[in-house]
Amino acid sequence: MENNLITEDKQKNKLEKAFEILKTMASKPSGLIGLTIVLFHVVLALTSPYIAPYDYKAISPNTMLLAPSAEHWFGTDSLGRDVFTRTILGGRTALTVTFFGSLIALLWGGLLGIFCGLVGGKIDDVVMRVVDAFLSIPWILAMLLIVSLLGTSTEVLIPALGFFYGKGIVRVARAATHDVIAKDFIVSARARGHSNMSIIWNEIIPNVRDAILVEGAMRWSWMLLGFSSLSFLGFGVSPPTPDWGLMISNARGLMSFAYWSVIAPIVGLSSLIIGINLTADAFAKALGIDRSTKAPV
Amino acid sequence: MLLLILKRIGLGLITLFIVSLITFVGVEVLPGDACTTYLEREAYGTALDACIKRLGLDIPAYERYLDWASNVVRGDFGYSLSGEMPINEVLGPRVKNSLVLASVSILIGIPLAIVLGIITALWRDKLPDIMISTITIFSMTIPEFISATLLILIVAIWLGWLPGIVIIPSDATFYELLSNIILPVVAISMIMTAHMARMVRSSVIQVMASDYVQMAILKGVPYWKMVFRHVLPNALLPAINVVALTIAWLLGGVVVTEVVFNYPGLGRLVIESISNRDLPVVQALAIILASIYVGINLIADLMTLMLNPRLKSLQIRK
């Protein structure tokens with residue numbers, strides 16, 4: 001009975017804390033704008049299949065490259081498909097892939113970083129050298145190679161993106177662990193004879209969680225950038241799936257007279273990336289972490 | 001000091017060695033070898049045999065790695081599959097073109113970033129800062145292919161000022177390049193400048209809040225003298241590393257920018273070689289790009305060491 005009360009209390013506290021953070025984030029205009037944009041995109045991604053006015057893959061020679069009108073709000077593309085339909089559907093794949101990709105990146109990057117920071121020594125040296133080596137290969141080269149040899153399905157893209165964007169988190173998690181490792185509560189946990197696993201779980205993770213979450217939020221926007229770049233280059237999702245990167249690259253050749261089919265996906269993608277960025281920045285500030293001096297690694 | 005420098009160089013070399021292992025093992029582990037991926041459906045009979053023989057795929061992997069690695073150290077990357085020519089000949093003009101693009105962007109980007117960073121820091125939260133910071137956030141977050149596409153749409157198509165895409169062969173001369181690279185340079189330096197300006201801004205703000213600057217103010221040092229004498233030297237030093245990382249990070253972005261503008265540099269070669277499934281060229285590119293990354297970081301580290309007297313006596317930084 002008493003136990004139940006305590007856990008309930010804990011959960012309530014967690015919810016209150018999350019609400020508190022959200023409130024701090026929304027108290028500044030940039031954070032509010034960011035949160036609104038992200039919320040808008042998430043709601044749109046969830047509801048767009050039901051509100052899309054046309055079939056996204058319906059090709060029609062009669063409606064090729066029409067300018068925006070009452071029937072086709074954003075005009076039509078070179079295959080006669082409705083640009084409005086394809087634009088509101090275009091964020092679904094990108095959001096899903098990058099969300100799960102960031103989760104994977106957070107998990108493996110965070111845990112490996114904490115582990116390396118805690119044990120130190122030879123293992124740490126070797127792992128960090130390998131991470132450095134991976135960091136020095138341009139992500140785009142590695143991603144393109146993987147995708148071109150394994151295919152462009154989401155089952156390949158999610159783990160591949162998760163892996164390549166996690167190596168930077170390893171460094172952040174390791175540095176954050178180094179910051180807390182010398183504190184008294186770790187020393188006393190050691191003295192009490194706790195195992196490494198228990199120290200990681202009970203002492204380190206609660207203290208480095210904020211830094212890692214902020215890094216993950218930031219990486220989400222970079223991953224979105226990377227994912228849409230892959231689509232743009234023709235190595236992401238395959239047609240006729242509606243995707244902003246793909247739409248931009250298809251419409252680019254014709255933009256001298258059909259600029260609407262390139263503007264709509266540009267607005268969609270840019271607003272989402274800016275929204276996630278502003279949100280991540282506000283999140284960092286709400287948690288009291290300064291990211292402004294970090295380089296984009 | 002000398003030991004520290006040697007140690008840094010050693011670490012860089014180890015990183016490169018691991019990179020070479022990763023690229024080699026990666027290509028081995030991923031399905032299909034260089035010949036079957038390249039020939040695709042024609043991968044049978046004499047064509048396959050000839051290809052395997054030429055690349056030496058019939059000898060064990062570790063021997064091939066040693067062979068390949070020792071050639072790479074001597075600057076020989078072997079043969080490209082698609083062009084049937086030495087990879088060095090393929091790479092030569094591309095490296096030159098990319099260097100031209102990168103150095104012009106850096107020459108424009110770094111001074112601009114420093115000026116913008118200082119302005120935004122000194123007029124923090126006032127109108128100039130809010131305006132410039134909003135622009136930097138936009139140009140920093142928007143993907144390269146979007147800013148490049150918008151540049152083409154606005155400057156080349158709607159205004160008609162400049163050619164939208166680069167239509168020069170990869171062996172064009174320096175002067176032919178210059179007239180064609182304005183838009184790509186703008187696209188690249190926009191992002192780079194934004195990143196660096198933000199870094200300079202927060203660095204200057206940090207130094208402005210430090211005790212010795214407060215001391216200088218209390219002592220009555222004139223404002224601008226204080227900025228140039230006390231703030232800037234201390235604020236710009238940590239920026240060196242970030243500048244290096246930003247430049248290195250842009251290697252990935254340059255790939256996309258070069259494709260959008262059809263610029264014949266290393267970045268487009270990455271896409272071309274991967275589309276052609278020309279694995280030997282991909283391996284060579286991985287090593288070259290990784291060396292650039294390691295090299296730039298090494299130079300930045302050494303510059304920080306040289307310029308910062310406090311670090312000379314310290315142990316190697318983590």
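How many residues of chain B are in contact with how many residues of chain A? In this predicted model, 52 residues of chain B are in contact with 45 residues of chain A, contact meaning heavy atoms within 4.5 Å.

The model is a predicted one in which local features need pLDDT of at least 70 and side-chain atom pairs count only at pLDDT 80 or more, whereas totals for chains, interfaces and linings use all residues; side-chain values use heavy atoms, with hydrogens and water left out. Residues are numbered from 1 along each chain as its sequence is written, and chains are lettered from A and ligands numbered from 1 in the order in which they are written.

**View 1. The interface of chain B and chain A.** About 4500 Å² is buried between chain B and chain A, 80% of it on carbon and sulfur atoms; buried area here is the accessible area (1.4 Å probe) that two parts lose on being put together, summed over both. The rule finds one salt bridge across this interface, a salt bridge being a side-chain nitrogen of Lys or Arg within 4 Å of a carboxyl oxygen of Asp or Glu. That salt bridge pairs Arg198(B) with Asp281(A), whose closest N and O atoms are 3.4 Å apart. On the side of chain B that touches chain A, at least two residues each come from helices H1 (2-29), H6 (127-141), H7 (144-158), H9 (182-208), H12 (239-260), H13 (266-275) and H14 (279-307) of chain B; helices (H or I, at least four residues) and strands (E, at least two) are DSSP runs, numbered from the N terminus. The residues of this side divide into 37 nonpolar, eleven polar and four charged, where Ala, Val, Leu, Ile, Met, Phe, Trp, Tyr, Cys and Pro count as nonpolar, Asp, Glu, Lys and Arg as charged, and the others, Gly among them, as polar.

View 2. Chain B contains 15 helices and zero strands, and buried residues make up 50% of its 318 residues; buried means under 20% relative accessible area, exposed over 50%, and partly exposed in between (1.4 Å probe, protein chains only). The side chains of Asp129(B) and Arg201(B) meet in a salt bridge at 3.0 Å, N to O. This pair links distant parts of the chain, with Asp129(B) in helix H6 and Arg201(B) in helix H9 of chain B, 72 residues apart. Asp129(B) and Arg201(B) are both buried.

View 3. Arg268(B) and Glu272(B) both lie in helix H13 of chain B, four residues apart, about one turn of the helix, and their side chains meet in a salt bridge (2.9 Å, N to O). Arg268(B) counts as buried because its relative accessibility is 18%, whereas Glu272(B), at 27% relative accessibility, counts as partly exposed.

**View 4. Glu203(A) and Arg192(A) in chain A.** The structure holds ten salt bridges over all chains, and one of them joins the side chains of Glu203(A) and Arg192(A) at 3.7 Å, N to O. Glu203(A) lies in helix H9 (residues 196-232) of chain A and Arg192(A) in the loop between helix H8 (184-191) and H9 of chain A, eleven residues apart. Glu203(A) counts as buried because its relative accessibility is 14%.

View 5. Asp77(A) and Met247(A) are 170 residues apart in sequence and 9.0 Å apart in space, C-alpha to C-alpha.
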